[in-house]
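User: Can you walk me through this one? I would like the helix packing and any pockets.

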Amino acid sequence: MLLTLRKIPRLWLNLGYGRAPSKKSLALAGGHLVLIALAVWGLLWLPPEARSPAAYLITTIIFSSLMYLMVASEVRFVFPLIPLMLPFSAWGGAAIYQAIRAAR
């Protein structure tokens, strides 16, 4: 379990390989962190009528991540999963935009 948890930064952020990350790796990690944060925000603000269809995407992302964590944790394996996160990231971005707009 601990080994699997250590592989999460390798899979999603391209970090944790035992050497100093390059600027490209840090840029990739930053981009992925933004997508992940927006996706989590989007999931929290997902309307009730969209939750059931979204469960298929969420399940696919989680299952695929777990499979790659157990076998080979390399950032290249997560690239097919990123388009599945984009709808949630977009919803998160829209929710943040609406919150900023409402605060004005």
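This is a predicted model: local features need pLDDT of at least 70, side-chain atom pairs count only at pLDDT 80 or more; totals for chains, interfaces and linings use all residues.

User: How many helices and strands does the protein chain have?

Analyst: The protein chain has 5 helices and 0 strands. Read from the N terminus, the order is α-α-α-α-α.

User: And what box do the C-alpha atoms fill?

Analyst: Along the principal axes, the box is roughly 45 × 30 × 25 Å.

User: Take α3 and α5. At what angle do their axes cross?

Analyst: Roughly 65 degrees, with the axes of α3 (residues 23–44) and α5 (residues 82–103) coming within 6 Å. The two helices are therefore roughly perpendicular to each other. The crossing of α3 past α5 is left-handed.

User: Which residues meet there?

Analyst: On the α3 side they are His32, Leu35, Ile36, Leu38, Ala39, Trp41, Gly42 and Leu43. On the α5 side they are Ile82, Met85, Leu86, Phe88, Ser89, Trp91, Gly92, Gly93, Ala95 and Ile96. By class, this contact of α3 with α5 has 13 nonpolar, 5 polar and no charged residues.

User: What about α4 against α5, how do those axes cross?

Analyst: The axes of α4 and α5 come within 10 Å and cross at roughly 130 degrees. That angle makes α4 oblique to α5. Here too there is a handedness to give: α4 passes α5 in a left-handed crossing.

User: Which residues make that contact?

Analyst: α4 brings Ala54, Leu57, Ile58, Thr60 and Ile61, and α5 brings Leu84, Met85, Pro87 and Phe88. The contact of α4 with α5 divides into 8 nonpolar residues, 1 polar and no charged.

User: Which residues line the largest pocket?

Analyst: The lining is Trp12, Ile36, Ala39, Val40, Leu43, Ile58, Ile61, Ile62, Ser65, Met85 and Phe88. Helices α3, α4 (48–70) and α5 each supply at least two residues of that lining. Met85 and Phe88 of α5 are in the lining, and Met85 and Phe88 also take part in the contact with α3 and in the contact with α4.

User: How does the lining divide by class?

Analyst: It divides into 10 nonpolar residues, 1 polar and no charged.

User: Last topic, the backbone. What is the phi of asparagine 14?

Analyst: Asparagine 14 has a positive phi of about 60 degrees, although it is not a glycine. Most residues other than glycine have a negative phi.

User: Where is asparagine 14?

Analyst: Asparagine 14 is in the loop between α2 (8–13) and α3.

Note on methods. Residues are numbered from 1 along each chain as its sequence is written. Side-chain values use heavy atoms; hydrogens and water are left out. Axes are lines fitted to C-alpha atoms, for helices over the stretch in contact, and angles run from 0 to 180 degrees between N-to-C directions. Helices (H or I, at least four residues) and strands (E, at least two) are DSSP runs, numbered from the N terminus. Angles under 35 degrees count as roughly parallel, over 145 as roughly antiparallel, 65 to 115 as roughly perpendicular and the rest as oblique. A crossing is left-handed if the near helix is turned anticlockwise from the far one by less than a right angle, and right-handed if clockwise. Contact means heavy atoms within 4.5 Å. Ala, Val, Leu, Ile, Met, Phe, Trp, Tyr, Cys and Pro count as nonpolar, Asp, Glu, Lys and Arg as charged, and the others, Gly among them, as polar. On a 1 Å grid over the protein atoms alone, a cavity is a set of points where a 1.4 Å probe fits but cannot get out, and a pocket is an open set with protein on both sides within 12 Å along at least five of seven lines; lining residues have an atom within 4 Å of a point.
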